[in-house]
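Biologist: I'm new to this one and would like to learn how to read it. Could you show me and walk me through a few features?

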Amino acid sequence: MLRLASLLLLFLLWQSASIFAGPRVVPEPLIVLTTMWREIQSGALPINFGITLLRVAASFAVAMVLGTALGLVMGRNKTVDRLFDPWLIVLLILPALVIIVLAYIWVGLTEAAAIGAVALNKLPITTATIREGARALDNNLQEMAQVFRMSFKTRLRHVLIPQLTPYIAAATRAGLSLVWKIVLVVELLGRSNGVGFEIGIAFQLFDVALLLAYALPFVGVMLAIETFLVQPIERHVSRWRPHPA
Amino acid sequence: MSPVGALTQLDVSVLRKTYQTAAGETRTVLRDLAFTLQAGEVCALIGPSGSGKTTLLRIMAGLDTDFEGTITQPPHQKLAMVFQEPRLLPWRTVLQNIRLAAPQADPADLKQITDSLGLADHLTFFPGELSLGLARRVSFARALAIKPDILVLDEPFVSLDNSLAVRLRDELATLVEARHITTLIVTHDVEEAIYLADRILMLSTKPARVIAEIKIDKPRHAMTEAQVARIKGEVIQLLTKSTA
């Protein structure tokens, strides 16, 4: 209920801002909606939207899988941790823009460069989060698995991953919002389609309504993914907890 | 059932096991500790606390390989361990916990084990919903489910109330006997050792070695209270002599 009121308030603020600042700078909600409808009907919005979502999914998947694997190894092995820790810090500090531009220069203006650049931006954060989880692993359970000679697959699925679940969930949450932000920048700089590319055009035309027409649906989709995908999965995997945190 | 013969015995010979303290000193935990377990035998290991009993079990289970000496067991023998704490996966049900350790177990055999340990009504529970006594039973069931040739138990009845400990001890003794499992149980409870074991090995204080051995010839059902008391007196006398 309070959430709804909060959204309504935001809507009212937007409407009044549009009155004060003029429709060119802040177009009113209805105009944004008509622009959105026009873009949907022409097919441009669904196509660009789909392409961007695919890029988000691909780079997110790459960053999560590699980041989790690296984080696990670094959390369990001191030598590997010392070896890669400086790299991790460099990657963490390096601005997203630098990584993106370098990727485009070195690899070329390709899809692989775009997805790789986004993944590389997300990777160190995933690794650092999972590493914390790997350090906190319960050694007693590890020994139990060893004594009972559980297979690697069993250990991974039933001993390791369940312990890492809170860390994976945290990395997912932080990751989704970060990845989609960076994907737009990548598209703006070196792709000829996608939401980021369209926003670039809107910027050149100074068309705020078009810009918002592309940005807002994406916010909605990300919100839906968090509410209908991430949260239910998290509830399912933590069903064994007697008192959910 | 394991075949009888020289091949089925387990030889433990630890020449030296040391560890480094935080201050950098080297402490010797075990020295010249040697004994042999015969197939199907139940052996109890008792000794003062901190004498390295858990260290010895960890070496036998292959969890600690940093020691001088040898553990010789016949090839293809399965060892199961019951840890001091139940060590169950909290995110898996009781049945899944047993199954994951023993994926090849026969369902009928599993049912027999869980039934005889009184777990039939708790198979779908998560470990967080179990009392300590029940969780211990699950860890027994898990160890038995892999059909071990050798079973090592690290003070499995500690911090249970007395009547529960006695009941659990009976159940365990029955299962181990019926399945002819070579068993080594670490305990500090002399009565428990007398009741369960065919043989009691007594360890000295650190560095631990075997200082005495008592054979218990009478089957445990036939033992009178007076006999238990006599053996108990003998054991306590030996123990106090070693610590004095």
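Biologist: Which residues of helix 5 of chain B are buried?

Modeller: Keep in mind that this is a predicted model. To call a residue buried, we want 20 or more other C-beta atoms within 10 Å of its own. In helix 5 of chain B, that picks out R169(B), L172(B) and V176(B). They span an arc of only 70° around the axis, so they sit on the same side of the helix.

Biologist: And which residues are exposed on the other side of helix 5 of chain B?

Modeller: There you'll find S163(B), T174(B) and A178(B).

Biologist: What covers the buried residues of that helix?

Modeller: The cover includes strand 3 (42-46), helix 4 (132-145), strand 6 (150-154), strand 7 (182-187) and helix 6 (190-196), which belong to chain B.

Biologist: Now the strands. In what sense do strand 1 and strand 2 of chain B pair?

Modeller: A general idea to start: in a regular strand, side chains alternate between the two faces of the sheet. Here, strand 1 (residues 10-20) and strand 2 (residues 26-37) of chain B are antiparallel, with 10 bridges. Look for L10(B) opposite L37(B). Their hairpin has five residues between the strands, and G24(B) takes a positive phi near 95° there.

Biologist: Which residue is the bridge partner of S13(B) in strand 4 of chain B?

Modeller: That's T70(B). Strand 1 of chain B pairs with strand 4 (residues 68-72) of chain B in the antiparallel sense too, over five bridges.

Terms used
Residues numbered from 1 in each chain as written. Chains lettered and ligands numbered in written order. Predicted model: local features only at pLDDT ≥ 70, side-chain atom pairs only at ≥ 80, totals over all residues. Buried ≥ 20, exposed ≤ 12 C-beta atoms within 10 Å, placed from the backbone. Helix = DSSP H or I, 4+ residues; strand = E, 2+ residues; numbered from the N terminus. Arc of directions from axis to C-beta. Contact = placed C-beta atoms within 7 Å. Pairing = 2+ DSSP bridges.
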